Amino acid sequence: MSGNKRHTCVFGLGWGDEGKGKVVDLLCPGFQFVVRFNGGANAGHTVYVGKDKFALHLLPAGVLHDHVQAVIGSGVVVDPTMLISELDALARRGIDAGQRLRISDRAHLVLPYHKIEDQLSEGAAKPGAKIGTTARGIGPCYADKMRRTTAIRFADLAGEADVLERARRIVEARKSAFQSTYGNDGGLNADDVALELKNARERLSSNICDTTALLHKADRDGQAILFEGANGVLLDIDHGTYPFVTSSSTGPYGIGPGAGLPDSVVTHRIGTAKAYSTRVGSGPFVTELKDALGDRIRDRGREFGTTTGRPRRCGWFDAVACRYSAAVSGATGIALMHLDTLSGFDEIGVCIAYRVDGRTLQSPPASASLLERAEPVIEFHPGWTEDLGGVSSLEDLPENARAYLR
Ligand code: IMO
Ligand code: MG
């Protein structure tokens with residue numbers, strides 16, 4: 001049914017931060033559309049244009065290419081204030097992304113009470129139960145979306161009086177809910193919410209449209225669409241290390257709900273993984289190195305969060321988890337990032353199975369506590385000392401690096 005066989009999805013096979021933005025940036029020249037379909041400002045995609053470094057959270061990383069039409073699909077939860085400030089920051093550097101941006105009228109808005117609830121809920125959670133969210137209001141906004149009666153979508157901005165009245169009622173209810181659950185209302189203020197809605201309407205109205213129809217037309221017209229996943233499959237609401245996950249469908253299967261195209265039109269599904277593992281926030285991480293080796297990976301890989309600045313937890317490549325996330329997502333290829341970070345290690349570990357309660361597991365169990373107790377079965381490979389900076393083909397890699405890849 002698709003008029004075009006080249007639609008591609010770039011997504012994360014891990015717990016986020018796999019280098020998706022860079023892969024998208026490399027592929028962009030071959031695509032007319034770049035589409036976000038999941039998550040929100042929890043994503044942090046760092047890309048370079050020349051020597052300029054950009055950290056994008058809501059705009060698709062592809063927007064930096066001035067031939068690209070950028071789309072924020074129905075499955076994204078959009079903090080309008082952050083989106084406006086991202087657009088303004090690019091405009092100050094001479095990039096008029098606003099002209100080329102379309103936002104789905106079906107997408108939901110992240111409003112101040114979502115961010116406040118994210119903070120209050122994390123603040124009140126017992127140490128072992130904290131998710132370690134990015135505090136961007138992602139979970140509470142998706143919860144409102146599922147609840148339906150307390151959600152606000154971009155389509156709603158057209159009826160200004162109605163949306164303001166609805167927001168006022170939501171704020172009142174939320175204030176008393178926060179008060180009774182957390183003992184304070186987190187400073188939630190109806191005027192702040194009304195102002196954000198007014199600004200969103202003023203600044204973004206011309207960007208809002210039926211992006212589903214737009215993308216179907218692009219497909220019929222033979223244009224190539226690049227879908228840019230946020231977060232990663234191990235953070236997926238259904239398939240990740242629940243409950244230490246984000247609240248959206250992070251793999252290519254999220255394109256149906258999140259962009260309105262059947263995911264069967266996406267023939268290239270490029271899973272992005274790092275040559276080692278990282279994780280930010282809490283949750284099980286079987287191959288984590290809590291020692292000098294982990295510190296060395298963090299320093300060499302500059303593993304600090306783009307969104308929150310938090311140091312990332314680091315460990316060996318987890319083939320058990322990656323095999324699983326590649327299978328779940330139907331990856332047709334893998335972009336392996338940061339191999340150069342591993343230069344100089346005497347030996348490099350790969351986790352090939354988990355041991356837990358006397359059993360050997362070949363795929364991750366559902367239970368977080370089981371996963372928390374699992375020990376990695378590590379296979380060690382000899383390292384290499386060469387700097388991989390200038391290497392651009394497989395044959396030019398040192399023999400041990402090629403063996404490690406295999
Ligand atoms: P990109 O797109 C890394 C993690 C958070 C937390 C959990 C839930 O940059 O790869 P949330 O705020 O989504 O409710 O947090 O998910 N997380 C990410 N970690 N990179 C991301 O995105 C992430 N998005 C969410 O740290 O553990
Ligand atoms: Mg990130």
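Colleague: In which sense do E1 and strand E10 pair, and over how many bridges?

Modeller: Please bear in mind that this model is predicted. Strand E10, residues 225-228, pairs with E1 in the parallel sense, and three bridges connect them. Within E10, glutamate 228 is the bridge partner of valine 10.

Colleague: Which residue in E11 is the bridge partner of valine 10?

Modeller: That partner is isoleucine 270. E1 and strand E11, residues 268-274, run parallel and are joined by five bridges.

Colleague: How many residues of strand E1 are buried, and how are they divided between its faces?

Modeller: In a regular strand, side chains alternate between the two faces of the sheet. Strand E1 spans residues 8-12, and five of its five residues are buried. Thr8, Val10 and Gly12 lie on one side, with Cys9 and Phe11 on the other, and both faces are covered.

Colleague: Let us turn to a loop. Is asparagine 207 buried or exposed?

Modeller: Residues under 20% relative accessible area count as buried. Asparagine 207 has a value of 4%, so this residue is buried. Its place is the loop between helix H6 (190-204) and strand E9 (208-209).

Colleague: What does the side chain of asparagine 207 reach, and which residues is asparagine 207 in contact with beyond its neighbours within four places in sequence?

Modeller: The side chain of asparagine 207 reaches the backbone oxygen of glycine 98 at 2.8 Å. With neighbours within four places in sequence set aside, asparagine 207 is in contact with Gly98, Leu101, Arg102 and Ile103.

Notes:
Residues numbered from 1 in each chain as written. Chains lettered and ligands numbered in written order. Predicted model: local features only at pLDDT ≥ 70, side-chain atom pairs only at ≥ 80, totals over all residues. Heavy atoms only, no water. Buried < 20%, exposed > 50% of the residue type's maximum accessible area, 1.4 Å probe, protein only. Helix = DSSP H or I, 4+ residues; strand = E, 2+ residues; numbered from the N terminus. Pairing = 2+ DSSP bridges. Polar contact = N/O pair within 3.5 Å; in protein donor to acceptor, adjacent residues only side chain to side chain. Contact = heavy atoms within 4.5 Å.
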